[in-house]
Structures are given as C-alpha cells and as structure tokens.
Amino acid sequence: MKLGRVELPLPDVPRLGVAAFRNRIVFHLVFIALALATLALAVALLNEERQRNAQRYEQTFAKSLAEIVAQLRHPSGQLALMNPEPAQVDAGWVAPQLLPFAAIDFDDATKAQRAVEMAGCGLQYPGGASLCVAVGSNAYAGGFVYLVAGMDAPPLVSRERGALDLADVHRVQVSLRQGDTEQHWLAPVEMLDAQRGQLPGFTVDSADNTTLLRAKARPQRDFRGWVWREGPCLGAAEPCARRTTVSIRLPVEAFREALFRPGGPQWPPADLARTGLRLALLGPEGDTGFDSATPGAQPPLTLGKLTAALAPGETLRITRGNHVVALLQGADVTGAPPSPWLMALIQNLPAPAAPRTLSARDSITTPAGRFDITLTGDLQGLDRTLSASAARLAWPVAAMLAAIALAWLIIEIGLIRRVAALTKRAATLSHQLQAPERFELGRLDLADLRGRDELGILAGSLSDLLQHARDSLRREQLRAEREHDQWHAVGHEIMSPLQSLMLLHAADADPSRRHVQRMQQAVKVLYGQASPSEALAAATLAVGRLDLDAFLRQVAANAAYAGIAGVVYAPAPDPAWVQADEYPLEDAITHVLTNADRYRLPGTPITLALRVEGGLAQVDIHNQGPQIAEDQLARIFDYGVSDAQPQDGARRGQGLFVAKTYLAKMGGSIAARNVADGVVFEIGLRRS
C-alpha cells in the first residue's frame with residue numbers, strides 16, 4: 001500500500017510577545033541609528049565648514065577691499081576710474097582715454113614709454129605691438145591727443161626735405177573722426193640720425209591719399225611727432241629689425257574750442273567717447289608695418305575686470321558724488337545651480353558668528369575728482385558656494401547611506417526575515433503540540449528556508465526531523481487501522497459458521513443455543529477491528545487433493561443450514577479431483593452463494609454446475625436477477641466495494657474479497673459475467 005502524505009490543518013498562529021522580536025527590534029534600531037549618525041555627521045561637517053567659511057570671509061573681507069583700492073589707486077586703476085564708459089566709435093577706430101596725469105612728455109621716448117606703461121592705456125596687438133591714444137587730464141595743457149605706439153620695424157627709409165612723393169619712404173598716417181567729419185595727416189619719417197627721427201605732419205584730403213603731398217605743402221605747426229629705434233637687433237636676418245617707438249601730439253580744434261567755451265573750460269570734452277583715431281606705419285611699396293585697425297587688440301584695464309576679484313555675493317559700488325560710476329557683482333559659482341533643498345538646509349543651520357552682511361568703504365582721489373568705493377558682502381553668496389561644494393560631497397554620503405540600506409536589506413531578507421519565519425512556524429507547531437484535546441503533528445514547511453548557510457542547514461534538519469516524526473506517526477496510525485480491520489476479519493469469518501450453528505440449534509430449549517449466542521455476542525464485540533487483506537495475506541492454507549463433485553454435493557445439501565435456500569446442483573457422472581483446501585473453499589463458495597442469494601429474484605434457484613476443461617475444473621454459480629454494471633464486474637472483488645448498507649455492525653463488500661483471496665492462495669480464480677437472465681460467477685481450480 002502506498003503511503004499518502006498527511007496534511008493536518010494547523011491551529012491559529014499564537015500571539016508572540018515582544019521578547020520574541022527583541023533582537024529584530026534591536027537590529028532595526030541599530031541600522032536606523034547608523035543612518036541617522038551618518039546624516040548627523042554630514043550636517044555637523046557642513047555646519048562647521050559654514051562657520052569656518054564665515055570667519056575666514058570676515059577676516060579677508062577688509063583685505064579684499066584694500067587690494068581693490070590699491071589696484072584702483074595705481075595709474076592704470078585711475079585710468080579705469082576716469083574712463084568708465086565704453087567707446088562709441090566704429091570698429092577699427094580707437095577712442096582716446098583721459099590720462100591720470102596732465103600730459104605725456106612725447107618729446108622723450110623714455111618718459112613717453114614710462115607714462116604709457118604706468119597708465120596702462122596701451123592696446124596690445126598680436127605680434128607685440130601696442131598703441132596708447134589719450135588726452136591729458138589738465139584742461140590748460142591744450143587740446144591735444146597723444147598717440148604713443150610701439151612695434152618691431154626694419155630700418156626706416158627717410159624722406160628728403162621738400163620731397164612730395166612719399167611712396168618710397170616710411171610715413172605715419174593719422175586719421176581723426178568726430179561725428180561725421182574726418183581729418184587725415186601724413187607724417188613722413190625724417191631721420192636725424194640712426195636712432196632718432198622726426199615726423200612732420202601734413203594735412204591731406206582723404207585717407208586714400210597715402211603717398212602724395214600737395215605742392216608747397218607745409219607741416220602743421222602744432223602737429224609734433226618723433227620716432228625712435230632702440231635696442232638690439234630682433235633677429236639675425238638683414239635688414240635688422242629693432243623695437244621702434246612712435247610718439248605724436250595731435251592738435252584737435254574741437255578740443256581747443258571746448259577750453260574757451262563761455263562758463264569755463266569743459267574737460268574732458270563731452271564727445272571724447274565718440275572721437276576715434278587711427279594710426280598706421282606705411283612703408284615703401286605699400287608695405288604696412290603697423291595698423292591700429294588690426295583686429296584682436298586687447299583693451300587696457302577696465303572696471304568690469306574687477307569682477308574677477310569679487311567673491312560670490314559681493315557688490316562693488318563706485319560713485320563720484322551722486323553719480324554711480326560702476327556697480328559690479330561677484331560672479332556666481334560656475335556649474336550646476338545650487339540645489340534648493342541643500343540651500344534650505346544650509347540656511348537653517350545655526351547662524352555663524354559673523355554678521356550676515358559686511359560692508360567697507362574707501363575713497364580714491366584722481367585728477368578727475370574723488371571716487372567713493374563701497375564693498376558689501378552677503379554670506380548668502382558663501383551659502384551658494386557651500387551648496388555647490390556640498391552637492392559634490394552629497395554623493396559619498398548618499399553612497400554610505402545606500403551601503404547601509406543594502407547591508408540592512410541583505411541581513412533582513414537573508415537572515416532576520418528567515419529567522420522570524422522559522423520562529424513563527426516553530427511557535428505554531430509548539431502551540432499545536434500543547435493542545436490538550438487532541439494530538440496532531442502538523443506539517444512544518446521549511447522548503448523556502450533551506451540553504452547552504454547555517455540557518456538553511458538548521459531549517460533543513462528541523463524539517464527532516466519533523467517529517468520523520470510525522471512518518472512514524474502515520475505508520476502507527478496505519479498499524480492501528482490494520483489491527484482494527486484484522487479483528488473485523490476474524491469476527492466476520494467466525495460469524496458465518498456461528499450462523500449455521502444457530503440454525504442447527506434453533507430450539508429455545510436446546511442448551512447449546514445459549515453457548516452459541518454467547519459466542520456470537522463475543523464476536524460482535526470484536527467485529528470490525530482489523531483489515532481482512534492483512535489477515536488473509538498472512539493465512540496459510542493446507543492445499544490437497546479434493547473431489548470437487550462430492551464437495552459441491554455437500555455444499556448444496558448444507559446451504560440451507562447457512563440460510564441459503566434453493567441451491568441446486570446437478571451431480572457429475574465422474575469424480576473431478578482438484579488442488580484445494582476444503583474449508584477455505586467452502587468459505588469462498590458460501591460467500592459467493594450469500595452474494596447470489598442477496599440479489600436473486602424471489603423464488604428462483606441458485607444453480608451450481610461443474611464442467612471440466614483441460615487442466616481446469618470450472619464451477620458456475622448462476623442466479624437470476626439484476627445484472628452487474630460492466631465497469632463494476634472487476635471491482636466487486638475489491639475490499640469494501642458493495643452497494644448494500646451495513647446491518648447489525650456487519651460490513652459489506654468483504655465476502656467476495658475473501659473468496660478471491662482464498663482461491664488465489666489455492667491457485668484458482670474467480671470472475672463474474674452477465675448473462676441474459678442474471679449473473680454467473682465462474683470459479684476455476686487446477687485439476688489434480
């Protein structure tokens with residue numbers, strides 16, 4: 001018999017106390033504390049950095065203003081202060097700047113170069129050339145524009161005095177634009193010696209005239225220019241190129257008129273920013289040694305360049321009286337904009353010791369007047385800078401938190417949750433075993449907890465141990481059921497002969513009747529206590545030589561004593577010897593007759609017929625009545641198969657099983673088949 005799996009329902013899961021979850025609660029609290037400590041450490045470092053930045057900024061704030069003021073007090077800084085407005089002339093034209101000193105000593109090369117370098121007014125061109133176009137800060141110095149240029153030039157070809165054709169000599173072309181009017185000068189080089197020459201200025205009609213002077217042309221009296229060639233040769237090639245300086249003082253009539261305007265001189269002129277000049281050094285054969293219209297010139301220092309010296313959040317305000325000359329803001333931190341939540345976090349940190357807003361003032365006196373410098377700083381700019389730094393540091397903090405979360409997840413799913421599941425299932429099983437009203441060993445399913453780690457081995461061992469206990473319990477239950485059925489089989493087999501004895505001793509006055517009744521009562525007590533399959537399988541038959549014809553005569557004659565009337569047998573002409581045990585064979589045929597008697601039509605006989613075919617002797621037991629369903633012809637010989645209800649404690653569906661079992665032990669067989677008027681049971685035995 002194949003053992004089935006026992007599935008007993010488990011009772012409700014018991015409620016576990018807090019102590020059962022204490023370790024799990026501690027584990028969760030530890031990880032929460034670790035995550036909070038990481039965040040607290042990051043916030044503490046952020047607050048400390050904010051405090052340090054505020055203190056450092058307060059200490060360096062005054063120094064920052066001092067550095068800016070020192071830069072503005074330098075002549076180059078004063079030049080930027082005195083020329084805050086950008087030029088409004090077209091490209092290729094250079095607007096003159098107001099110098100921080102009265103004039104340039106253009107007659108001395110060293111002084112002119114030093115003045116340009118100090119003022120920082122020179123435009124720097126590719127190749128090392130420079131040009132400063134400026135006017136003096138003193139109105140009474142005259143209405144002149146100074147042009148000081150430096151360049152690398154070969155030996156200059158000098159003009160012969162009185163020559164009008166300048167195509168084969170070096171000359172300087174100067175152009176002046178004021179509004180819609182332009183003036184042009186040609187200044188040929190007249191070398192006085194190898195290092196020094198003068199530049200007489202001749203007025204020409206247009207900028208296209210670069211080679212020819214008018215007849216009887218005279219140089220303009222106030223136009224003064226000089227050229228110097230200094231220093232060593234700049235290369236090994238010939239002719240030798242040297243550093244060349246051109247210094248020109250250009251008279252401007254409009255500037256002179258502004259000096260004598262009613263109400264006092266106006267200086268600098270109002271249209272200074274709209275005045276443009278152009279200077280070019282032209283050589284023989286159309287060669288251009290220098291041209292101020294060359295693109296790529298770098299302008300001198302402007303106030304806008306001071307923005308680089310300002311920190312984020314700082315504001316530099318430059319005023320002259322009530323007029324705001326410049327208002328500069330420190331550039332924000334480059335890159336991604338600050339995170340709003342980081343900014344909110346930083347601003348809600350404990351306030352630093354330094355004030356939120358710092359301010360410092362100073363003043364600078366120039367020839368153009370007094371300039372007030374005010375520097376203000378806001379710690380919010382530091383907060384934005386700190387936010388940008390914190391955004392980069394947020395990734396390591398996020399990585400640490402992710403590592404903590406991953407470790408928690410691995411331990412929670414891989415260990416804690418499995419331990420909790422094992423604890424709950426074990427508690428359920430323990431609660432079941434402690435039930436006083438019944439004993440049921442439920443199934444502790446730990447297949448999902450098995451594994452190669454320590455917990456998996458423990459879960460597997462517990463599962464195997466419980467399965468072994470359940471199998472043992474099931475075997476004990478089956479053994480008890482077999483004992484029960486065995487007692488039933490014994491009682492069933494004893495009840496048949498006792499029934500016959502009751503018929504033989506039917507009289508109430510018969511003294512044997514009482515003893516038979518007592519035996520029946522005792523058997524009824526034991527009836528239904530064991531399985532016939534096990535009992536009959538263990539039974540041993542004494543198979544011998546038996547005359548089947550004589551045996552059937554006796555069975556038919558005694559059938560009435562077993563309560564089966566109307567059994568008819570037609571004797572055979574010759575004996576039929578078979579291999580059989582007389583008493584088990586009688587029990588088997590009696591069970592078949594009992595079954596036939598139950599289903600035959602009232603008043604009809606049960607016939608027994610014997611026929612011999614080869615090595616077999618065949619007994620046909622025929623009863624008239626209902627036929628057996630085709631799908632039940634083979635199943636009626638199985639234990640417990642019957643359509644009749646139990647009566648007086650006697651089970652149904654066992655007699656044909658006993659008959660089949662006994663006949664099988666004797667080497668015989670039994671089968672049933674339907675005929676036209678009923679059913680025939682065929683019993684086959686081997687002939688002896």
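Modeller: Leaving aside residues up to four places away in sequence, serine 688 touches Arg545, Trp577, Val578 and Gln579, where a contact means heavy atoms within 4.5 Å. The model is a predicted one, in which local features need pLDDT of at least 70 and side-chain atom pairs count only at pLDDT 80 or more, while totals for chains, interfaces and linings use all residues. Residues are numbered from 1 along each chain as its sequence is written, and side-chain values use heavy atoms, with hydrogens and water left out.

Serine 688 belongs to the segment that follows strand S24 (678–686), with helices (H or I, at least four residues) and strands (E, at least two) being DSSP runs numbered from the N terminus. Its relative accessibility is 41%, so serine 688 counts as partly exposed, the class between buried (under 20% relative accessible area) and exposed (over 50%), for a 1.4 Å probe and protein chains only. From C-alpha to C-alpha, serine 688 lies 9.1 Å from alanine 580, although 108 residues separate the two in sequence. For the chain, residues 24 or more positions apart supply 68% of the contacts with a separation of 6 or more. The chain has 688 residues, of which 41% are buried, and it contains 12 helices and 24 strands.

Turning to helix packing, helix H10 (residues 548–558) packs against helix H11 (residues 582–599) at an angle of about 50°, the axes being 11 Å apart; axes are lines fitted to C-alpha atoms, for helices over the stretch in contact, and angles run from 0 to 180 degrees between N-to-C directions. H10 and H11 are therefore oblique to each other, given that under 35 degrees counts as roughly parallel, over 145 as roughly antiparallel, 65 to 115 as roughly perpendicular and the rest as oblique. On the H10 side, Leu548, Phe551, Leu552, Gln554 and Val555 meet Glu582, Leu585, Glu586, Ile589 and Leu593 of H11. Sorted by type, the residues of this contact are seven nonpolar, one polar and two charged.

Elsewhere, an open sheet is built from four strands in the order S15-S14-S17-S16, with antiparallel pairing, two strands being paired if DSSP finds at least two bridges between them. Strand S15 (323–329) and strand S16 (357–366) are at the edges with a single partner strand each, so one side of each has no neighbour in the sheet. On average, and with direction ignored, neighbouring strands of this sheet are turned by 15° against each other. Within the sheet, strand S14 (residues 314–320) and strand S17 (residues 369–378) are joined by six antiparallel bridges, and isoleucine 318 stands opposite isoleucine 373 in S17. Helix H1 (residues 22–73) lies across S14, S16 and S17 and runs at about 15° to S16, whereas helix H2 (residues 75–82) lies across S14, S15, S16 and S17 and runs at about 95° to S16.

Another set of strands involves strand S10 (residues 224–230), which is mostly covered, with five of its seven residues buried. S10 pairs in the antiparallel sense with strand S8 (residues 196–198) over three bridges and with strand S11 (residues 242–251) over seven bridges. Tryptophan 228 of S10 stands opposite arginine 196, and its bridge partner in S11 is threonine 245.

Terms used:
Nonpolar A, V, L, I, M, F, W, Y, C, P; charged D, E, K, R; others polar.
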